There are 2 protein chains.
Amino acid sequence: MKIRHLSMMTCAAIVFAGPALANEELLKLEKDPSQWVMPTGDYSDHRYSTLKQITAANVKELRPVWTFSTGVLRGHEGGPLIIGDVMYVHTPFPNKVFALDLNDSGKIIWSYEPKQDPNVIGVMCCDTVNRGVAYGDGMIFLDQADATLVALDAKTGKLVWSQKNGDASKGETGTSAPFVVKDKVLVGISGGEFGVQGRLTAYDMKTGKLAWKAYSEGPDDQILFDPEKTTNLGKPVGKNSSLATWQGDQWKTGGGATWGWYSYDPELNLIYYGSGNPSTWNPSQRPGDNKWSMTIFARNPDTGVAKWVYQMTPHDEWDYDGINEMILADIPVKGKPTKALVHFDRNGFGYTLDRTNGALLVAEKYDPAVNWATHVDMATGRPEVVSQYSTQAGGPDHNTKGVCPAALGSKDEQPAAFAPQTGLFYVPTNHVCMDYEPFKVSYTAGQPYVGATLSMFPPKGQTNLGNFIAWDAGTGKIVWSDPEPFSVWSGALATAGDVVFYGTLEGYLKAVDMKTGKELYKFKTPSGIIGNVTTYEHGGKQYIAILSGVGGWAGIGMAAGLNGDTDGLGAVGAYKSLSNYTQLGGVLTVFALP
Amino acid sequence: MKIRHLSMMTCAAIVFAGPALANEELLKLEKDPSQWVMPTGDYSDHRYSTLKQITAANVKELRPVWTFSTGVLRGHEGGPLIIGDVMYVHTPFPNKVFALDLNDSGKIIWSYEPKQDPNVIGVMCCDTVNRGVAYGDGMIFLDQADATLVALDAKTGKLVWSQKNGDASKGETGTSAPFVVKDKVLVGISGGEFGVQGRLTAYDMKTGKLAWKAYSEGPDDQILFDPEKTTNLGKPVGKNSSLATWQGDQWKTGGGATWGWYSYDPELNLIYYGSGNPSTWNPSQRPGDNKWSMTIFARNPDTGVAKWVYQMTPHDEWDYDGINEMILADIPVKGKPTKALVHFDRNGFGYTLDRTNGALLVAEKYDPAVNWATHVDMATGRPEVVSQYSTQAGGPDHNTKGVCPAALGSKDEQPAAFAPQTGLFYVPTNHVCMDYEPFKVSYTAGQPYVGATLSMFPPKGQTNLGNFIAWDAGTGKIVWSDPEPFSVWSGALATAGDVVFYGTLEGYLKAVDMKTGKELYKFKTPSGIIGNVTTYEHGGKQYIAILSGVGGWAGIGMAAGLNGDTDGLGAVGAYKSLSNYTQLGGVLTVFALP
């Protein structure tokens with residue numbers, strides 16, 4: 001069945017067939033290139049479209065066809081969904097959601113604005129961002145900043161149910177896009193800088209009732225591990241694999257937040273995602289490997305039980321959150337056809353694993369500047385840390401200089417794309433280093449639990465803070481690399497037209513040749529782009545859509561109105577000159593060919 | 001001398017030739033269609049460009065080429081200036097000013113943000129708007145919300161001088177664009193709803209020193225009238241022509257604000273502008289003609305002394321401010337070549353006067369809905385008021401129903417355009433009626449001094465709240481009229497390409513055929529448009545620029561976050577459904593042909 005112009009009525013018809021089919025519905029819709037039914041494009045997080053009206057030859061003719069101001073400033077992460085004739089657009093706090101009519105240049109069908117305590121802004125680490133809404137069963141799911149998960153009727157915007165997923169007074173917030181799998185809505189939690197106990201939680205899609213909750217650290221019954229069956233690099237993890245790696249009760253405020261992207265392999269019936277930094281950022285204060293922070297999880301979506309795990313950065317000393325997207329691709333790895341999981345970690349290594357069992361196949365630097373570890377030991381899976389860049393080795397309060405990447409990683413949440421026709425991954429990256437000075441901090445619920453002061457800058461002798469690269473995950477090699485003056489903090493889109501799109505912090509939407517990286521087109525959108533490029537087809541025409549609105553971690557200086565060195569711009573000082581290029585904004589721009 | 005790509009250095013060179021030449025500079029620059037040196041396009045307020053790359057035939061190919069978010073939400077009135085390679089963009093409160101590099105898609109050369117007490121927002125009647133900056137002598141002049149007039153170095157944005165033009169604690173605010181004539185900067189005052197004593201003030205352009213101040217009401221030495229030489233319909237006004245029309249000291253809080261547009265005839269050495277409503281809106285409280293509120297003034301720019309005056313709405317009962325632009329055009333009037341002044345008043349009459357002497361030549365309704373007066377008596381210049389629509393005739397507190405136009409007039413500040421090739425005026429209009437219920441109010445400095453409650457709606461049996469019309473000012477007839485769902489609150493632009501441009505409250509930039517009104521192009525900008533369309537040439541290419549950002553009087557409901565009837569939406573209730581089309585914004589969109 002070709003669902004090219006699925007009307008809301010058709011959606012409803014599919015929907016009321018019941019939860020068991022919801023999964024079928026999404027599996028069907030994700031294959032329809034005229035729609036964009038989940039923030040990552042599909043369950044495999046490919047951010048790829050088979051649409052090919054827009055090609056490397058004609059993309060230079062692209063131009064905006066309509067625009068929409070969200071009425072909200074600050075960082076606009078994520079991107080819209082397109083279901084039938086309707087586009088769903090979300091905003092940062094106050095987390096408005098709009099249903100826009102594609103038949104009428106984005107006329108507003110309905111809008112939703114939650115009532116939230118604005119104090120929640122004070123416990124959001126990295127701007128007031130939100131990474132998008134999810135669709136399932138005729139509903140739109142939104143994870144509000146105050147960690148309330150809501151289900152809205154996709155047709156009317158009316159609240160269907162609401163569920164408290166966290167306690168903002170403890171620094172638990174919502175920034176990620178929910179993820180619908182089968183009859184469940186999965187949602188993570190933000191707050192690694194506030195000592196949350198990270199977890200992924202599944203709710204019944206119809207009712208909002210809690211289905212399961214899987215913590216990142218703690219006893220086995222909280223992390224939903226089977227000591228005999230859950231494996232790490234092929235071996236059972238054993239009893240209380242997490243508890244053994246924490247001092248005392250530190251796991252209870254141990255971080256491992258889950259604010260990134262999720263993926264799903266329906267054949268293997270596994271979901272994949274990563275956990276964030278252990279809390280605090282001061283490594284001396286939390287001895288041990290701090291499992292399972294900084295970890296890739298493969299879990300059964302029905303039960304939440306983990307099939308396998310892999311910790312990328314044991315005992316993190318740099319805030320290298322492991323939450324970046326897990327891209328599922330069937331590619332040759334070192335010559336052998338593989339059901340791979342590809343992950344570009346904050347720590348600067350591009351990992352390729354066998355997603356069936358968590359075997360580590362490739363771990364190579366995707367930014368040559370990375371210096372904190374020489375390599376990853378393929379037998380143990382552990383990075384070989386360079387002691388000069390260990391932020392703990394110098395003793396408490398030692399300011400460790402010139403660590404690459406900086407805390408915001410060689411890549412942050414901005415998702416990469418995968419193109420089957422090249423077999424390559426297109427990765428928006430940061431090219432930033434840091435000085436890292438830990439300080440002693442004690443935990444108080446709802447107060448920052450950071451414990452380090454940072455200063456960021458480009459790698460020595462260089463000026464570009466970012467690169468947009470093509471990556472061969474089967475060999476772990478950069479194929480081409482386009483330097484950018486600022487970090488590329490926008491999600492990429494790859495298309496069958498041999499074009500890859502991404503946005504820049506100055507505000508350019510760019511199109512490059514998939515094979516060479518050659519720039520084919522750029523357009524200055526109203527504000528810096530930290531959103532993810534989306535494509536869809538409507539009325540027989542291919543469209544490109546992007547949210548602009550500078551902010552997020554890289555843009556927090558601008559978003560929060562900081563200026564000068566006195567305002568704690570250390571962590572983002574490298575981005576200070578951004579204000580020469582762009583101002584705050586919040587606009588969706590939709591492009592097409594003439 | 002063709003000043004096509006005047007660099008800032010060239011500007012500076014011209015500038016330092018001294019104040020006497022500044023006038024010459026602007027007279028020269030206003031004739032260069034590649035630039036746009038004053039908000040009204042030229043001293044005659046034509047809003048016309050001789051550029052004709054964009055034509056009725058090819059305008060359908062127009063598309064955005066770059067965009068710029070101002071980082072400010074709420075109503076964006078006015079439009080940018082273009083001087084050489086630089087575009088100057090202003091914002092509503094907090095009144096930022098940006099200098100953007102036209103050679104680099106609007107990269108920010110400098111920005112200026114005044115420090116103002118945000119409480120000023122509480123004394124701005126109709127959103128936090130600002131109608132633009134002025135250029136002269138290498139400086140950019142900005143009238144801040146707090147009624148501080150500042151001069152900025154056009155090259156660096158550094159403050160050159162600053163002058164207090166009013167007292168915001170008394171409700172005196174700045175919203176209008178300053179106007180540079182010869183060696184002076186002229187600036188009005190807003191606050192007709194706070195009982196200000198309206199005046200136009202001239203400052204020395206170089207130093208900011210006060211040159212003269214001409215009040216709208218008061219003794220002759222305050223209003224700068226010569227009882228023998230200042231005329232009204234050809235006759236000397238006589239001694240204390242204003243005082244005689246007020247009860248006691250009421251003129252001291254008598255309104256007559258001067259927040260609109262100004263024009264200048266260098267040959268006649270006269271400036272023209274209008275004064276606003278008498279305060280309060282409750283007509284029973286202020287007997288008399290309330291001169292010279294609601295008046296067109298022709299003054300000598302060197303001395304401020306009035307040459308002639310004409311009061312359009314004596315003893316206003318409807319808030320029909322007379323501040324709309326005065327367009328100076330040499331046109332046939334009733335067959336006779338005339339140095340005309342054409343003015344579309346809030347009261348719904350389109351006036352044509354002889355600008356040399358203030359003789360009234362034409363006064364006809366430019367919206368057929370106008371019902372408050374049958375006609376204007378051409379001998380006395382007074383409107384013949386229909387007693388049914390007198391808001392005073394029914395006695396105090398009587399709710400007068402169905403008055404057309406509503407208080408916001410058949411047109412508000414949104415300026416019209418004039419095209420020499422057709423001899424027609426292109427007028428953005430409102431098509432709104434009202435119920436008007438006066439109530440007793442007493443004056444307290446800094447408190448609203450309104451004294452009437454309004455309810456607005458479209459004329460009976462109609463749904464369109466606006467029309468965009470072509471007007472023959474020589475005969476006083478509508479040539480064509482394009483209905484719009486909402487008031488057209490955007491300044492028009494007429495071009496030698498036979499195209500007229502305007503924006504709509506839903507956010508469309510529209511291009512129509514000058515001769516027929518046929519819609520040729522539209523584009524949905526990010527937010528509702530209350531800004532004025534501008535054109536310029538750069539690098540041999542014609543551009544169209546428009547600020548979007550809904551607000552102003554029509555959009556105040558949205559801008560101030562009002563909703564429902566409980567929030568005092570009476571005055572703008574007719575615009576409630578705007579939120580189905582657009583959200584707050586603040587974006588400049590620049591268009592060109594491919």
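Predicted model: local features only at pLDDT ≥ 70, side-chain atom pairs only at ≥ 80, totals over all residues.
Figure 1. The closest N and O atoms of B:Lys401 and B:Asp435 are 3.8 Å apart. The two residues belong to distant parts of the chain: B:Lys401 is in strand E28 (residues 400-403) of chain B and B:Asp435 is in strand E31 (residues 433-438) of chain B, 34 residues apart.

Figure 2. Over all chains, the whole structure holds 43 salt bridges. In one of them, the side chains of A:Asp265 and A:Arg355 meet with an N to O distance of 2.7 Å. A:Asp265 is part of strand E18 (residues 263-265) of chain A, whereas A:Arg355 is in the loop between strand E24 (349-354) and strand E25 (359-365) of chain A, so that distant parts of the chain, 90 residues apart, are linked. Both A:Asp265 and A:Arg355 are buried. In chain B, a salt bridge connects B:Asp321 with B:Arg346, and their closest N and O atoms are 3.1 Å apart. B:Asp321 is in the loop between strand E21 (306-311) and strand E22 (327-333) of chain B, and B:Arg346 is in the loop between strand E23 (336-344) and strand E24 (349-354) of chain B, 25 residues apart. B:Asp321 and B:Arg346 are both buried.

**Figure 3. The disulfide between A:Cys404 and A:Cys433.** A disulfide is a covalent bond between the sulfur atoms of two cysteines. The sulfur atoms of A:Cys404 and A:Cys433 are 2.1 Å apart, and the link is right-handed, with 100° about the S-S bond. A:Cys404 counts as buried at 7% relative accessibility, and A:Cys433 is buried at 2%.

Figure 4. Four disulfides are found over all chains. A:Cys125 is joined to A:Cys126 with an S to S distance of 2.1 Å. The torsion about this S-S bond is about -105°, so the disulfide of A:Cys125 and A:Cys126 is left-handed. A:Cys125 is partly exposed, with a relative accessible area of 43%. In chain B, the sulfur atoms of B:Cys125 and B:Cys126 are 2.0 Å apart, and a torsion of about -105° makes this disulfide left-handed. B:Cys125 counts as partly exposed at 42% relative accessibility, whereas B:Cys126 counts as buried at 19%.

**Figure 5. The interface between chain B and chain A.** In this view, 32 residues of chain B are in contact with 32 residues of chain A. The area buried between the two chains is about 2,400 Å², and carbon and sulfur atoms give 56% of this area. Between chain B and chain A there are zero salt bridges, but 17 residue pairs are in polar contact. Strand E2 (63-69), strand E7 (107-112) and strand E38 (519-524) of chain B each supply at least two residues of the side of chain B that touches chain A. E2(B) gives the most to this side, with seven residues. The residues of this side of chain B comprise 14 nonpolar, 13 polar and five charged.

How values were computed:
Residues numbered from 1 in each chain as written. Chains lettered and ligands numbered in written order. Heavy atoms only, no water. Contact = heavy atoms within 4.5 Å. Buried area = accessible area lost by both parts, 1.4 Å probe. Salt bridge = Lys/Arg side-chain N within 4 Å of Asp/Glu carboxyl O. Polar contact = N/O pair within 3.5 Å; in protein donor to acceptor, adjacent residues only side chain to side chain. Helix = DSSP H or I, 4+ residues; strand = E, 2+ residues; numbered from the N terminus. Nonpolar A, V, L, I, M, F, W, Y, C, P; charged D, E, K, R; others polar. Disulfide = S-S within 2.5 Å. Buried < 20%, exposed > 50% of the residue type's maximum accessible area, 1.4 Å probe, protein only.
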